[in-house]
Structures are given as structure tokens and as C-alpha cells.
Amino acid sequence: MPMVLLKCDSDIPERQKHIYLKGPNEDSTEFLPVANAPTIPGTLSERGCAFCGAKLVIGGVLKDTIQMIHGPLGCAYDTWHTKRYPTDNGHFNMKYVWSTDMKESHVVFGGEKRLEQSMHEAFDEMPEIKRMIVYTTCPTALIGDDVKAVAKKVMKDRPDVDVFTVECPGFAGVSQSKGHHVLNIGWINEKVATLEPEITSQYTMNFIGDFNIQGDTQLLQTYWDRLGIQVIAHFTGNGTYDALRGMHRAQLNVVNCARSSGYIANELKKQYGIPRLDIDSWGFNYMAEGIRKICAFFGIEEKGEALIADEYAKWKPKLDWYKERLQGKKMAIWTGGPRLWHWTKSVEDDLGIQVVAMSSKFGHEEDFEKVIARGQEGTYYIDDGNELEFFEILEHVKPDVIFTGPRVGELIKKLHIPYVNGHGYHNGPYMGFEGFVNLARDTYNAVYNPIRHLAGIDIRDENPAILPVKIREAA
Amino acid sequence: MEDHIDDLFGYVQERCLWQFFSRTWDRQENIDGVLGKAFELFTGKDPKLATPADKLFYADAKSMVSDCLSRFPWIKQADEAEIRQVLDGLKARLVDNVITKSTNRELTHHLY
């Protein structure tokens, strides 16, 4: 049976609908894991909350915006500094965290005054910052604080500021995916077309669904600069609040992360007629294809080919050095959702790696359609996986490396399986040509790291099972 | 003929994100648009690029046509009628796979 009931799930057989083992000649019309559905009681989900999806993933990336979190302190701290999205203005977004620090009395008597006071305090402390996003959290949503009314009042008191509100408490959806959705739709409805951007090129686009993880956006920006394409708005890597207000003026929306940001691209197409082009930005083959498509749209194919040729000449030999050493290695990808389908073919085609298991925390069924179409037979496709399932799957597929977050990464280290940070990266950027060499290097360093083999040796054992020769096999 | 449709279907499934857009109408629009431009390119016609949508479908089709010409030698030998037949078969297969038989529960939601 292609839908798999793992031994660890014997008491929660509903999990079978979420785990698929692809067989020969099967496709997603026959077997598609149920996704974006409520977590089944009894499973220890690794999902984030809806608020986290709005703040940590999208809003908190902006480099010129106060992120006012209306709730208890923990909601602010736990969505701050856990993702590495630098900016070119000194990483303002990563240096500071803001919270209304709700206490019991505010919950009992209402938190609107507290919010208003906090907003003024933040603007007073940072007079050069004129933009703010206010987020509700579980307690402030439950007590019904009217954050939009407070934002309106503050904007009236301070005519030079602009405030956007995101009403998406943690319980609003089944995972962080709901937060992506709420922020996308709120922004298009309330803020897009409230400011006219300055147009500096005959070729304009928005780059949507890239969050400048360790410099992804800044690396890709060097390509767009060389091609003479103006990026009106980055949604939201290294982006600004006001640039996002001018998204309606772009000629093309280029989408990388269709899960977190496809909604705004769809609405920009529906409301403003701007076409949506989905590309993959990880991998040589994919990046070249993405550049070719963008250049074909604008009729500047020759420029694109010259750029690709330059980048291949510079980086392909390095990639090939790693490919020779990573050929045939087995990888598991346990991340959010889209990186499953972005990466499975790119690591296979560009590095010769076989992806043997993939798990998505917040992907929808659309993401599983994509990854099952691209992924291999004999590979596991898992929705909302939990730790026990991971351990059992590991026994079946025995990967050489796992791309996942630090929390799961620390767990699998104990099994002497290396992990690479699939969310915030080890040493990125990972997008683009240079970036994929970085990914290859981090994968190589993980797979051939001698420490993990040494850590598996019991020094009291006179005949250790793992011989030192193992640690030199990369040479 | 079926073998040729299999070739193109396998390629599109593996490479093309446009078949998996959010809703049925987006998928149908992309399938019609990209395959329409692909036909023009396969048969040596100059594609019309009057609208932003024309340019988008052209951009996606151009990559597809280039890849398919290098992967599948039979395309260069095919005449216009054969290309039309294969692309019609591909369209039917794609509509069946990513729209009609898709079990994605969000495909028909009226809102994004």
C-alpha cells in the first residue's frame, strides 16, 4: 500500500493518509498525502503557529519596519533571531525586537492602551523609523483588542508614520501557512497601490517569495542589476515597507516561494493584470532556466545568456568538484514545504544526490503534487511528520545527510547523521550559482565530517566498528 | 504517438511549475497559453507578443521547446500536423492529471 502506516503510528492510524511511499509509475492523482489539515491528536507536530508564519517568515524580514507584537513577551522573543535574514542597512530587523509585553492585568482590562503606548514609545525611541507592522497574538485576539482602531489613532497622531496590522493569532490556522496567507491578502488589500514607485528601467519586476536568507536576495540582485532589470519590490528579502506599496507597477511577478507568497502574486495578476512567473532559484540548471525565462519575457535573451555563461565559467568547476564527491549520496529533506520540490531535482541533477525522504511542515496538497511529480520512486513523502516517524523512516532510508532545522538536526546528530540547516542555512547564501556551490560545500563538509564518525566510536571498545579509514574517504 | 506524448508529459511533469498553479482556472490558462506558444515555436512561426500574458507564455514555452528539441530527436522530424496532434494529446493528458483527476482540495476554492 503506497500510503504508509508506520509502526510508531499504530495508535494513530489516521497518520497513514499523510505518508506516501512512491511506487513505480504512480502519480499524485492516485496518491496524494493529505496536507494543510489539522494536526492529529497524539502526534507531536513540529509545526509553527499562524502568527509565526506572518511575523517570522514574511513581515519580520523588512529592513525599515518596527515589528510590534501585541502579546506576551515570549511571542516576540520566539520569533526573533531564529532566522538569518540580513539586510544592507546594518541588519536593523535582526538587532531589535518589540513587544507590548502583555500581563494578566492587560488581559483582564484590555490591552489597547498598552498597545497605543508601546507604539508611541517605539516611534519615539527610533525617530528615524516611520513604518510599523502590528501583530495580534493569541491572548490579544481572544480579548478582542481592536488593533486596527489603535493603528488608525496612532497614524492620526503621527501623520508621518504608516502602520499595517496583521490579525493572525497563533490559533488562527493549522500551521504557519495561515500566517503567510493573512499577511499576503492583508497587504494586497490595504497597502498595495498606496504609493507610486520611481521607475528607473524599462524592465520592471517584483521578486516574490525570497527572504534574503544569508544573503540570497542580495546575491540574486547582482544578476538583476547586470541585466538592467529594476526590482520594484522584494517580497520581502532585504525589502522595504514602501517598496511593497508600489508592487502594482511591476510588469512581471517572479515567484520563488509559491507557498508563502503565491497568494499576493495571484492577486496582483487578478487585480492588476501582472503575469506570474514561477521559477526555482536553487540549483545551476534551475537558476539558468529562471534567468532565461525572465529575459525571454523582457526580450533581452542575449544579456541573459552572457550572464549565465559568466556564472557557469566561474562556478561550475567548483560545483563539479563537489559533485564528483557527492555522487550517489542519499539526502533527506525535512523542511517547511516548497524546498522539497525546489531541491529534489536540483541536488539530483547538479550534484548526483538521491533524495530518499521528504517531510513538509506546512506544505499544501499543491506542494505535494509538485514534489511527487519531481521526486523519485522509492522515496517517502511526509506531511507534518513527527520525531518518532523520522526515526523510523531513517531506519528505512539511511540517509547520508539531512537538510532540516536545528531542532531536528540536534536530534539526528545523536544518531551520527549530519544535518545541514535547511531553513537558515549553514553558510549561505544557497540561491543562485555561487549559492549552490555553498550548498554543495556544506553538504560535503557534513557528509565527510570526521567528527561525527569519531563521535560514534566508543573509546572503551578495543575493536571499534567504525574504522579510521572511514573518515578519510573524502580524500 | 502515445510514446511521444509520454515523452512530453514526463518532461512537463518534472520541469514545469506552471502546470501546478493554485486554482483550476490558473492551470487551464497556463496549459492553453504555454502549449499554444509551444506549437508556434515548434513549427517555426513568430509568436505574437502583444500582451503581458503572451510574453509570459512565450517565456515558459521557449524553455520547454528548447529542452524538448534537445531531449527528443523525433520532434525535428515531425511535421506540423504531427506536432499539433502530440500537443493536443499532451494538453488532454495535463488537463486530466492536474485538473480533472487532481485530488488537491484547494483547486476550486473561489478565493486565493
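I looked up the largest nonpolar core first. It has 155 residues. A nonpolar core here is a set of buried Ala, Val, Leu, Ile, Met, Phe, Trp, Tyr and Cys residues joined through C-beta atoms within 7 Å. Buried means 20 or more other C-beta atoms within 10 Å of the residue's own, with C-beta atoms placed from the backbone. The residues with the most contacts inside this core are V254(A), L277(A), M331(A), I333(A), M358(A) and F436(A). Helix 12 (residues 284-298) of chain A gives the largest share, nine residues.

I note that the model is predicted: local features need pLDDT of at least 70, side-chain atom pairs count only at pLDDT 80 or more, and totals for chains, interfaces and linings use all residues. Residues are numbered from 1 along each chain as its sequence is written, while chains are lettered from A and ligands numbered from 1 in the order in which they are written.

I then checked L277(A), leaving aside neighbours within four places in sequence. Its contacts (C-beta atoms, placed from the backbone, within 7 Å) include V254(A), I294(A) and F297(A), and also L56(B) and A59(B).

Next, chain A as a whole. I find 19 helices and 14 strands, taken as DSSP runs numbered from the N terminus (helices H or I, at least four residues; strands E, at least two). Of its 475 residues, 55% count as buried.

Last, helix 7 (residues 147-157) of chain A. Its buried residues are V147(A), V150(A), A151(A) and V154(A). They pack against strand 2 (65-70), helix 5 (112-125), strand 4 (131-136) and strand 5 (162-166) of chain A.

Key:
A residue is buried if 20 or more other C-beta atoms lie within 10 Å of its own, exposed if 12 or fewer, and partly exposed in between; C-beta atoms are placed from the backbone. Two residues are in contact if their C-beta atoms, placed from the backbone, lie within 7 Å.
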